[in-house]
Amino acid sequence: MSSFHDTSSTSSLNAPTLVPLSQLPETAQIILSEKPRLINVTHQIPYACTIIDRSSSSPQANGASTLGNGIGSPTNRRPSLAVPRHPAASSPPIENDDPNNDCNTAASTNPSENGGCLLEQRRGHSAMYSGIKSLEKDLETIQIGWVGELADQDGFLVPSKNLSETHKQNVREKLWAKEKVVPIFLDDNRAAGHYEGYCKTVLWPLFHYILWDEATDGRIESQNWDDYLFVNQQFANAIVEQYRPGDIVWIHDYHLLLVPHMVRQKLPGAAIGVFIHAPFPSSEIFRCLPKRVEVLNGLLGANQIGFQTFSYSRHFISCCTRVNGYESTPHGVDAMGSTVWVGTFPIGIDAERVECKRKAPGVLPKMDAIRKTYKGKHIIVGRDKLDLVKGVQQKLQAFEKFLQDYPEMQGKVVLIQVTSPSLVENSKLEAKIAELVAHINGTYGSLNFTPVHHYHQHIDRDEYYALLSAADIGLITSVRDGMNTTSLEFIMCQSENHGPLILSEFTGTAGSLGGALMVNPWDYQGVARVIYDALHLSEEDKRTRHKQLHDHVLSHTAQYWAKSFIHELVLNVGTWDQSTPTPYLDLAVIVDKYRGAKKRLLMFDYDGTLTPIRKTPGAAVPQEHMLKALRALANDPNNIVWVISGRDQKALEEWLGEVENLGFSAEHGSFMRQPGSKKWVNLTESLDMSWKNDVIEIFTYYTERTQGSFIEHKRSSLTWHYRMADPEFGAFQSKECQNHLEDAVLSKLPVEILVGKKNLEVRPTIVNKGEIVKKLLSQHPEVEFVICAGDDKTDEDMFRTLAAPFSIAMPQGLSPGSIASLKSLNGSSCSLADEHFSITIGHALKKTLANWHVTSPEELIRVLGILS
């Protein structure tokens, strides 16, 4: 047990400064170990746990204990089998397949085998667990998840308050010894608020395109969000506890959307992957989520995010662009300077296990019984959960339309529909389904024939595989689905019969199963026609279609899915830009250098540096605490303070003109105003500005065709803004406009294009902020300390000037490259290049020539306040 780590306490690892979910955390350099461990994180662990506690039981004469004497609550009694077992245990229902056992091994039901804790395979998610399990051949794997609802030996669910530390420790030890599983214990109320609350009433409907129709005062939603935050933080803490440098973290599904962000804050250098098993909605649906920014930022803490289909990944990228305003490419999202890769990884099934299960001894007799019962009839099979998105209602209505449009098929076709109970009961839907079944059977049935057989229950595994094997058609009409594994299991079971698969185009598998007959479940007549066509396919067509489907299922298994995801994650992390991050500004160093200098030069950009970026240029008014710090610095006789901005003279005078002793450079170096002076010097006075007419014509063309864009006119430059336009269309139009300018203007006129933040600016070639920095350094050779701060590409000209070796202009008689000259100038052994602080506003991985960074204008202003 020396390898086991307890997750009950928070991590003692040193963590960087935490940022809220409204911001993105910084990613550090990622280096995987030669043989990394894999930390898999799922909402629930793959085992249902039964606590065996007979300390309070009264032995009977036959040696058995009296029911009700365990630690479970009688109010939570669940139906149990002859041998009491966990309500969530995997057998006998077919969802109970154990991906970790071979096909002839059953879960243990003898409590004595495990002493104080019985472990049974949990129902559901067998494909995911099979894929994860397969990675153990190549990687040491740790599984983290909520322990789930615990039961006692009598079948009662155990409230969290009844669990002692001894019980918890016993469960931890059993799970770790079995498969290095690390359980997370949650308070019942927190667990319910997280799962039944936020996950099932907010996220699940939204991800399946179902909007909420009940108006509330928001208190329940707020509490559920708090529970969702709390539970995600518990998972993040557990990951940090188990993490070793070089490990890989793989997080699964919508229950844990905030965990990547939380882990990234504590482990900036971790390799983190996320896979979303559910659908992901379009931006028009997702933007209805009140916590949309936090959820997206939570996911963007990962290095790679995987989805079932290309459309889901495209929706996610679109949401990041349209909702959060991040730059993106078809392959990922630019988050804090590092690319979060977004890919498509359709999950499969464990084909070998399904092949083994369908050939189990109990399956063949049941197949014969089904065929005997429905002899002479075509069998259509459907198996779904009773959820709105599974399309059971649409399936029944389409089947009724089939019987109506093709009366010759009445009495010859039977639909066997199995609907397993949903996690959240829906009595209205259940009643509607029962009503439809009764209506169809009453209209088209008779005393000796029933067209629809509906079973609202879990069925035995053998019965399930027998049903799929005996069917003539598999019919799946989901109106929205992540990855429907029933379709894949049907294909495996039809190896002899070659029955066609009718599949909704809205399922996650639709894009992969080209051999299926695709339908729109809302088009009842269309589905009816496809059912008729499927019944009349030639044997050759059936074989051809089935071979195509079968080959896909065998090649794209759950094991292939898991390995391909991890392979891509390792590849992306390995090829990621591993340049050294720009260090965070060292406050102690800058204060020490500042106070030790006799003469100082301070230069600042305005937008995005002294004030946050605003959607409209006129909204970037200065804040009072910034003005206070700027006044204090400018009033110091040892300081020379300049604002070097792309703004025009009018804006700078209006917002900063009252600050005495402040120098200005406007329009990216086109104009200068010395400290204490009211006169502006036009540095472009001798330049030909006739190019403006051509540029205005091009900008106007794109403004008329891009809603939300506008032109900003400056004396020496022109800027086209598209910050308020549609993000994707605006970026597209910007590239088109840039290409147009390069072809029509740049080739014949002395101007250049600056690609800024949601804007394009055209200016004379010889005008830039770097030239202003050179002038100031030339005018003030006595400076011993330099601060230069900016946030975008135009400010890189200033950083480039400062970063060039000994680029500082020298007085007459001193050679720029002479160390001795610098010593004589400074009176010390350090060069002026060591005394400047070029500071970029942004993340550590931003491509920049600056030697320091801060993450926001507010942080820079706090530094200026300390210096002043």
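1. In this note a residue is called buried when its relative accessible area is under 20%, exposed when that area is over 50%, and partly exposed in between, with a 1.4 Å probe and protein chains only. By that rule L429 is buried, because its relative accessible area is 7%. The model is a predicted one, in which local features need pLDDT of at least 70 and side-chain atom pairs count only at pLDDT 80 or more, whereas totals for chains, interfaces and linings use all residues. Residues are numbered from 1 along each chain as its sequence is written, and side-chain values use heavy atoms, with hydrogens and water left out.

2. On the chain as a whole, the protein chain has 26 helices and 31 strands, where helices (H or I, at least four residues) and strands (E, at least two) are DSSP runs numbered from the N terminus. Buried residues account for 55% of the 868 residues in the protein chain. Contact here means heavy atoms within 4.5 Å, and among contacts in the protein chain between residues at least 6 apart in sequence, 76% join residues at least 24 apart.

3. To return to L429, this residue sits in helix α12 (residues 427-444). Not counting residues up to four places away in sequence, L429 touches L386, D387, L388 and Q393. With L386 the C-alpha to C-alpha distance is 7.7 Å, although L429 and L386 are 43 residues apart in sequence.

4. Helix α4 (residues 219-242) packs on helix α5 (residues 259-266) at an angle of about 45 degrees, with the axes 9 Å apart; axes are lines fitted to C-alpha atoms, for helices over the stretch in contact, and angles run from 0 to 180 degrees between N-to-C directions. The two helices α4 and α5 are therefore oblique to each other, given that angles under 35 degrees count as roughly parallel, over 145 as roughly antiparallel, 65 to 115 as roughly perpendicular and the rest as oblique. The contact is made by L229, N232, Q233, F235, A236, N237, I239 and V240 of α4, together with V259, M262, V263 and K266 of α5. The residues of this contact divide into 8 nonpolar, 3 polar and 1 charged, taking Ala, Val, Leu, Ile, Met, Phe, Trp, Tyr, Cys and Pro as nonpolar, Asp, Glu, Lys and Arg as charged, and the others, Gly among them, as polar.

5. For helix α14 (residues 485-493) and helix α16 (residues 539-555), the axes come within 9 Å and cross at roughly 115 degrees. On the α14 side the contact involves L488, I491 and M492, and on the α16 side H546, L549, H550, V553 and L554. This contact of α14 with α16 has 6 nonpolar residues, 2 polar and no charged.

6. N497 lies in the loop between α14 and β18 (501-504), and N497 is partly exposed, because its relative accessible area is 27%. Leaving aside neighbours within four places in sequence, N497 is in contact with S469, A470, A471 and D472.

7. Helix α24 (residues 796-803) is mostly covered, with 6 of its 8 residues buried, namely E796, D797, M798, F799, T801 and L802. These buried residues of α24 pack against β21 (639-644), β28 (759-764), α23 (769-779), β29 (785-790) and β30 (836-841).
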